[in-house]
Amino acid sequence: MTLSALSVASEVYPLVKTGGLADVAGALPPALAGEGIAVHTLVPGYPAVLAALQSPEVVHRNEDLFGGPARLLAGRAAGLDLFALDAPHLFDRPGGPYTDAQGRDWPDNAQRFAALCRIAAAVARGAVGGYAPDVLHAHDWQAGLAPAFLHYGEGPRPGSVMTVHNLAFQGQVPAHLLAELGLPPRALAIDGVEYYGSIGYLKAGLQLADRITTVSPSYAEEVRTPEGGMGLDGLLRARAAVFSGILNGIDEATWNPATDPHLPARFDARRPARRAADKRALQERLGLATDASTPLFGVVSRLTWQKGMDLLVAALPAVLGHGGQLALLGSGDASLERGLLDAAAAHPGRIGVQLGYDEALAHLIQGGCDALLVPSRFEPCGLTQLCALRYGALPVVSRVGGLADTVIDANEAALEAGVATGFVFSPPGPAPLQAAIGRAAALWREGEQWARLQRNAMSADVGWTRPARRYAALYRGLSSSR
Ligand code: ADP
Ligand code: GLC
């Protein structure tokens, strides 16, 4: 039986992206189509979204949506069936989806994303020309009020799923906005949207959605503990019966080393030796010595505390001490950016740093480095280590969240069993990271073992087929229980 789902997200690859959420929002719908689930995706009408929308049709109008007129447009873009909320006073701005050009949160983010959620609930209830989904699937805090509007509204409604991609971003706004947001007084309660005296958008979704998920089984465990729960562990423990972890995949068409247009030399598991040309191209691109006999470590990351980038800075002596090089692409905290640029200046030819967002270079790093470093302090799932597996760049990861679930450490038993795919260290700290870098460098010098790990890594299942099956089962279970 075909089921239909409305996915609500604040970013979607390739139109608007600040991180992995966009990748998931862009890749899950086509994967679900293979499971007989027809997905429409509702996103804010940012300029890049409106520009990409093919033959848009106005399917809904609102004279005054938080201070201005809004239209809901339906059309295709980037291979997806999209609803775009065209509300110029909320979304037609230069800068990022959540922040201005200086990185400050837009002061009206509460209203911007409440608007998205209000329209989501209206669409989900069938208010828009004949479309009535079986499931509403909300992603992260920006979509967190959608299950709340469904819960407090009148009449029949579809089932709702709330997926948290990162518990660190919770969307808290002052309680006095309750009426303006369109929520009833009774919603401001512990079993409603109230969160430590404020209104919590993510809390609302986690409390009021029929099912909740996060993006890996290990993270689903971690967030139920006081250490990992960021204030929401009690709620998540209480809702354990409807809470599950479903690993992300990566888009195997976008991330395919055999066809990747960003790689000067394409390769696959049968021809990994071709990576040598990509390694050289990467070294040239980042001003590194073009030396085939040095292990090249790569990083593609937001430069933040979550990602352990300060641990990386502290571990640079290990990279250099083991005769290695570093190729890093990232952007984020100013102090980390400065620290990395200083390190690059101090070690020309050995440490190459490119700040900013660069899709093409991200692919070249995956295809050209020998090992990808992901020393996160916590990681709900992580996508870069999945890309690294597919590209034969052996991941060096901390044992947290989705990293723990997707990389098999090259310890003695795993080497013997022939199943290792990378290097896992614990806890996330400079010394364990340095030791893991040392293990990777040593194994790299033993060509044959390394080649075996590379083969394992490249044949790991990192696509969306398996996860899509799980989401489809979740949707079906939910809709048949209602
Ligand atoms: P998060 O969403 O927490 O940042 P993920 O690993 O889930 O982490 O997803 C990050 C995504 O963003 C990946 O697709 C990665 O390739 C991409 N990415 C991160 N930083 C950059 C960058 N500086 N340039 C290009 N792509 C980047
Ligand atoms: C978040 C998490 C990351 C995850 C991504 C997609 O950005 O930080 O671990 O892979 O969402 O789910």
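Is Gly-332 buried, partly exposed or exposed? In this predicted model, Gly-332 counts as partly exposed because its relative accessibility is 39%; buried means under 20% relative accessible area, exposed over 50%, and partly exposed in between, with a 1.4 Å probe and protein chains only. Gly-332 belongs to strand S14, residues 325-332. Strands (E, at least two residues) and helices (H or I, at least four) are DSSP runs numbered from the N terminus. Leaving aside residues up to four places away in sequence, Gly-332 touches Leu-303 and Glu-337, where contact means heavy atoms within 4.5 Å.

The model is predicted, so local features need pLDDT of at least 70 and side-chain atom pairs pLDDT 80 or more, while totals for chains, interfaces and linings use all residues. Residues are numbered from 1 along each chain as its sequence is written, chains are lettered from A and ligands numbered from 1 in the order written, and side-chain values use heavy atoms, without hydrogens and water.

Around ligand 1 there are 18 residues, of which Gly-20, Asp-23, Arg-302, Gly-356 and Leu-383 come nearest; a residue is near a molecule or strand if one of its heavy atoms lies within 4 Å of it. A polar backbone atom of Gly-20 is 2.6 Å from an oxygen atom of ligand 1, and a polar side-chain atom of Arg-302 is 2.7 Å from an oxygen atom of the ligand. Strand S13 gives the most to the shell, with three residues. Domain 1 (3-249 + 465-481) and domain 2 (272-459) both contribute residues to this shell, so ligand 1 lies between them; the domain bounds come from an automatic or database domain assignment.

Technical notes
A polar contact is a pair of N or O atoms within 3.5 Å; within protein, one must be able to donate a hydrogen and the other to accept it, and residues adjacent in sequence count only if both atoms are side-chain atoms.
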